[in-house]
Amino acid sequence: MSDNVQILLTGGPRDLASDRRTLQLDASPEKIKIEHLGGYEHFEPTGEHTTDGHAVVFRWTTRTRIAE
């Protein structure tokens, strides 16, 4: 049996593609960092699930730049 967790990323930049906002991971992490336009978008869990209960909701918290 698989313990995959579906995660929905909310908030953050409007140009972050919708197909990058849904993740399927082996476990629910404490934080998620997505590379986007020369930086990283950071998301943290809200403790909420989608209305259908299938995905854990993570909300955008900050953006950092990639060090050169």
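Colleague: From the N terminus on, which elements does the protein chain run through?

Modeller: This is a predicted model, so local features need pLDDT of at least 70 and side-chain atom pairs count only at pLDDT 80 or more, while totals for chains, interfaces and linings use all residues. Residues are numbered from 1 along each chain as its sequence is written, and side-chain values use heavy atoms, with hydrogens and water left out. Helices (H or I, at least four residues) and strands (E, at least two) are DSSP runs, numbered from the N terminus. The chain has 0 helices and 5 strands, and the run reads β-β-β-β-β.

Colleague: In what order do the 5 strands sit in the open sheet?

Modeller: Two strands count as paired if DSSP finds at least two bridges between them. The pairing here is mixed, and the twist averages 35 degrees from one strand to the next, going by lines fitted to C-alpha atoms, with angles from 0 to 180 degrees between N-to-C directions. The order is β2-β1-β5-β4-β3.

Colleague: Why is one side of β2 and of β3 left without a neighbour in the sheet?

Modeller: Strands of a sheet pair through backbone hydrogen bonds, either parallel or antiparallel. β2 (22-25) and β3 (32-36) each have a single partner strand, because they stand at the edges.

Colleague: Do β1 and β5 run parallel or antiparallel, and which residue in β5 is the bridge partner of Gln6?

Modeller: Strand β1 covers residues 5-10 and β5 covers residues 55-65. They're joined by 5 bridges and run parallel. As for Gln6, its bridge partner in β5 is Ala55.

Colleague: In the hairpin of β3 and β4, which residue takes a positive phi?

Modeller: β3 is joined by 5 bridges to β4 (residues 39-49), and the two run antiparallel. His36 has Gly39 as its bridge partner in β4. The hairpin has 2 residues between the strands, and the one with a positive phi, near 50 degrees, is Leu37.

Colleague: How far apart are the mean positions of the positive and negative charges?

Modeller: Lys and Arg count as positive, Asp and Glu as negative, with His and the chain ends not counted. Each charge is placed at NZ of Lys, CZ of Arg, CG of Asp or CD of Glu. For the 8 positive and 11 negative charges, the mean positions are apart by 8 Å.
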